[in-house]
Amino acid sequence: MKFWLGVILALVFGFGVAGAGDRGAVAAVAVPEGEAGFPGGVVVADSGDTLAEQANEAWEAKDWERVAKLYEGLSKQKGAPPRVWLRLGASLRALGKYDQALTAFQKATESGAGAFAEYGKAATYAGMKDNEKAFTALEAALRQGYADPAALSADPNLQALYGDTRFEKLVEQAKRNARPCAYAKENRQLDFWLGEWDVSTTQGGVPAGTSKIELILEECVVQENWKSLNSPYSGKSYNIYDAALKRWEQYWVDNTGGNIFFHGALSKGGVMDYWTDDLPQTGGPALRRHLQFIPMGADKVRQFSRGSTDGGKTWNVEYDFTYVRKGKSGS
């Protein structure tokens with residue numbers, strides 16, 4: 001969903017994307033937050049199109065009469081991109097020409113503006129003091145992935161909706177849209193491995209290395225940072241829950257050029273079970289790996305790896321490590 005919102009933003013604000021009917025060189029210009037709750041960022045002035053340049057300048061100056069006039073002209077071009085309709089609708093709404101604004105936002109919907117077109121409709125209906133339709137449009141925007149809770153909470157165009165419990169729920173949904181992995185229970189299944197660890201062999205307790213496991217990319221990815229003791233060997237793994245395939249995946253890379261791809265799932269016993277396919281080996285049979293992360297309380301995790309060269313009939317231990325949370329080695 002975030003990818004498509006990015007595409008829409010590119011279409012609306014021209015993040016290096018020339019819309020249908022645009023021509024000439026593209027120049028990026030930084031601007032403050034946009035009208036009608038649209039995020040600020042970069043807009044595009046088409047140096048080969050005087051009308052587009054003038055429209056951008058008027059938009060930046062918030063000269064809504066001029067914005068409406070110029071974007072009305074751009075909207076008559078064949079294949080006018082979504083940002084033209086969105087900006088036309090926003091300027092008309094700012095001028096209090098609500099019916100015309102709704103028509104422009106509907107055109108934006110038809111041209112693929114999605115959540116931002118619905119947001120524009122919501123702001124327009126709020127200006128018309130039709131809160132029920134405003135909520136209906138805003139709910140549609142959230143369903144389509146609108147994901148800017150800060151803008152939603154501070155938009156003066158939506159002030160008429162503040163204080164309604166429905167609005168607070170929509171702000172919460174915007175937070176979830178912005179950071180979906182932080183709220184999905186499947187994405188939290190490997191959180192028991194998070195932290196900074198001292199790692200030793202399970203048998204004999206020989207120190208083997210240290211590892212820092214952290215959440216990155218809005219809590220979507222569990223990143224492992226491994227460093228061996230008494231060796232220059234180090235590596236990282238990136239672990240993520242693939243919602244489409246309904247499985248966990250790990251991609252391991254190291255400082256020798258090695259890489260391994262695992263896939264698996266959390267077992268009913270709370271163990272993360274990872275497997276590889278049969279991996280070709282130089283001068284030998286293909287190797288299949290089975291890697292497990294076994295929680296052993298709040299401050300200890302066992303990492304157990306086995307390999308099979310006969311298609312899973314027999315298995316040999318590759319390594320068996322115990323992770324102890326730093327500062328907890330005496331517990």
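At what angle do the axes of helix α2 (residues 50-61) and helix α3 (residues 64-75) cross? The legends below start with the whole chain and then get to that pair.

**Figure 1. The whole chain, a predicted model.** Residue numbers start from 1 along each chain as its sequence is written, and side-chain values use heavy atoms, with hydrogens and water left out. In this predicted model, local features need pLDDT of at least 70 and side-chain atom pairs count only at pLDDT 80 or more, while totals for chains, interfaces and linings use all residues. The chain has ten helices and 13 strands; these are DSSP runs numbered from the N terminus, H or I of at least four residues for helices and E of at least two for strands. Of the 331 residues, 44% are buried (buried is under 20% relative accessible area, exposed is over 50%, and partly exposed is in between, with a 1.4 Å probe and protein chains only). The accessible surface comes to about 16,300 Å², and carbon and sulfur atoms account for 54% of that (Shrake-Rupley method, 1.4 Å probe; for residues, only the protein chains shown count as cover). Take the contacts between residues at least 6 apart in sequence: 42% of them join residues at least 24 apart (a contact is heavy atoms within 4.5 Å).

**Figure 2. Helix α2 against helix α3.** Back to the opening question: the two axes cross at roughly 150° and come within 8 Å (axes are lines fitted to C-alpha atoms, for helices over the stretch in contact, with angles from 0 to 180 degrees between N-to-C directions). That makes α2 roughly antiparallel to α3 (over 145 degrees; under 35 is roughly parallel, 65 to 115 roughly perpendicular and the rest oblique). The crossing is left-handed, as the near helix is turned anticlockwise from the far one by less than a right angle. On the α2 side, look for residues including Leu51, Ala55 and Trp59; they meet a set in α3 that includes Trp64, Val67 and Leu70. Sorted by type, the residues of this contact are ten nonpolar, three polar and one charged (Ala, Val, Leu, Ile, Met, Phe, Trp, Tyr, Cys and Pro are nonpolar, Asp, Glu, Lys and Arg are charged, and the others, Gly among them, are polar).

**Figure 3. Helix α6 against helix α7.** Here residues 115-127 (α6) pack on residues 131-143 (α7) at about 165°, with the axes 8 Å apart. That makes α6 roughly antiparallel to α7. Among the residues making the contact are Tyr119, Ala122 and Tyr125 of α6, plus Ala134, Ala137 and Leu138 of α7. The tally is ten nonpolar, no polar and three charged. Helix α6 passes α7 in a left-handed crossing.

**Figure 4. Trp226 and its neighbours.** Trp226 sits in strand β5 (residues 221-228) and is buried, with 9% relative accessible area. Leaving out residues up to four places away in sequence, the side-by-side list for Trp226 includes Tyr233, Trp252, Phe321 and Tyr323. Val199 is also one of the residues Trp226 touches; the two are 27 residues apart along the chain, and their C-alpha atoms are separated by 9.7 Å.

Figure 5. Leu217 is exposed, at 60% relative accessible area.
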